[in-house]
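Please keep the sequence and the structure in view while reading.

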Amino acid sequence: MTVAAEDVLEIRRVINASPDAVFDAWTTPALVEAWWGPHGYRTRVIELDAVVGGRFLFQMTAPSGASCPMSGTYTKVERPHRLAFEVAEHCVADMPDDVREPSGPSHVDITFEGDGETTEIVLRQQGLAADYRMLANGGWSQSLERAAEILLRG
């Protein structure tokens, strides 16, 4: 389920994996590379230091071959229930011409609540203009589908 409030993108997804496994998928470079990005994109993790104040830098490559960085800083790391980060650089590879690039950072706050076998992810992102927020909605939704597939395979 996805909700786009006035300036907040909220996506909820249940994944058939424990909160520990889902948290690891967000903080382990090899796992991030397996699911991060919309369908057809490839992601290479350059840096991932999942501690408060730690940075991440991903190189994302679109199906066209266009490439762009996505980077930011972790602001909350509470294993396995919460992860938050500020995105300083948003990937804009193959972005439609009628969508404006983000002019500043956005903030992503993710909670992981589970019963041991399933985990509900609630992802909230603030700080994006409406047109880019709609694009991010599709990107996150597709990324979370890929994460669910990866975690289901174990």
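A residue is called buried when its relative accessible area is under 20%, exposed when it is over 50%, and partly exposed in between, using a 1.4 Å probe and protein chains only. The model is predicted, so local features need pLDDT of at least 70 and side-chain atom pairs count only at pLDDT 80 or more, while totals for chains, interfaces and linings use all residues. Residues are numbered from 1 along each chain as its sequence is written, and side-chain values use heavy atoms, with hydrogens and water left out.

Ser143 is a place to start. Its relative accessibility is 3%, so Ser143 counts as buried. Ser143 belongs to helix H3, residues 130-153; helices (H or I, at least four residues) and strands (E, at least two) are DSSP runs numbered from the N terminus. Contact is taken as heavy atoms within 4.5 Å. With neighbours within four places in sequence set aside, Ser143 contacts Trp35, Trp36, Gly37 and Pro38.

Rings of Phe, Tyr and Trp (its six-membered ring) pair if their centres lie within 6.5 Å; planes under 30 degrees apart are stacked, over 60 edge-to-face, and the rest tilted. The structure holds 12 such aromatic pairs. Tyr74 and Phe85 form another edge-to-face pair, at 6.0 Å centre to centre and 75° between the planes. Tyr74 lies in strand E5 and Phe85 in strand E6, so this pair ties together parts that are 11 residues apart in sequence. Tyr74 is buried at a relative accessible area of 3%, and Phe85 is buried with a value of 3%. One aromatic cluster takes in Phe23, Trp26, Trp35, Trp36, Phe56, Phe58, Tyr74, Phe85, Phe112 and Trp140.

Phe56 also has a place in the strand pairing. Two strands pair if DSSP finds at least two bridges between them. E3 and strand E4 (residues 55-61) run antiparallel and are joined by 6 bridges. Leu48 has Phe56 in E4 as its bridge partner. The hairpin of E3 and E4 has 6 residues between the strands, and there Gly53 takes a positive phi near 90°.

Next come the voids. On a 1 Å grid over the protein atoms alone, a cavity is a set of points where a 1.4 Å probe fits but cannot get out; a pocket is an open set with protein on both sides within 12 Å along at least five of seven lines, and lining residues have an atom within 4 Å of a point. Grid points are joined across faces, edges and corners, and a volume is the space filled by probe spheres set on the points. There is 1 cavity of 30 Å³ or more. The largest cavity has a volume of about 40 Å³, and its lining consists of Trp26, Trp36, Phe56, Phe58, Tyr74, Leu83 and Phe85. E4 and E6 each supply at least two residues of that lining. The largest pocket has a volume of about 400 Å³. It is lined by 22 residues, of which Pro38, Cys91, Tyr132, Leu135 and Gly139 are the closest to its centre. H3 gives the most to this lining, with 8 residues.

Cys91 is also part of a disulfide, meaning a pair of cysteine sulfur atoms within 2.5 Å. Its partner is Cys68, and the two sulfur atoms are 1.7 Å apart. The bond links distant parts of the chain, 23 residues apart, with Cys68 in strand E5 (residues 67-78) and Cys91 in the loop between strand E6 (82-89) and strand E7 (106-114). Cys68 and Cys91 are both buried.

The loop between E6 and E7 also holds Pro102. Pro102 is partly exposed, with a relative accessible area of 23%. Beyond residues up to four places away in sequence, Pro102 touches His90, Val92, Leu128 and Tyr132. Asp94 lies in the loop between E6 and E7 and has a positive phi near 60°, in a residue other than glycine. At 42% relative accessibility, Asp94 counts as partly exposed. In the loop between E5 and E6 lies Pro80, joined to Arg79 by a cis peptide bond with omega about -5°.
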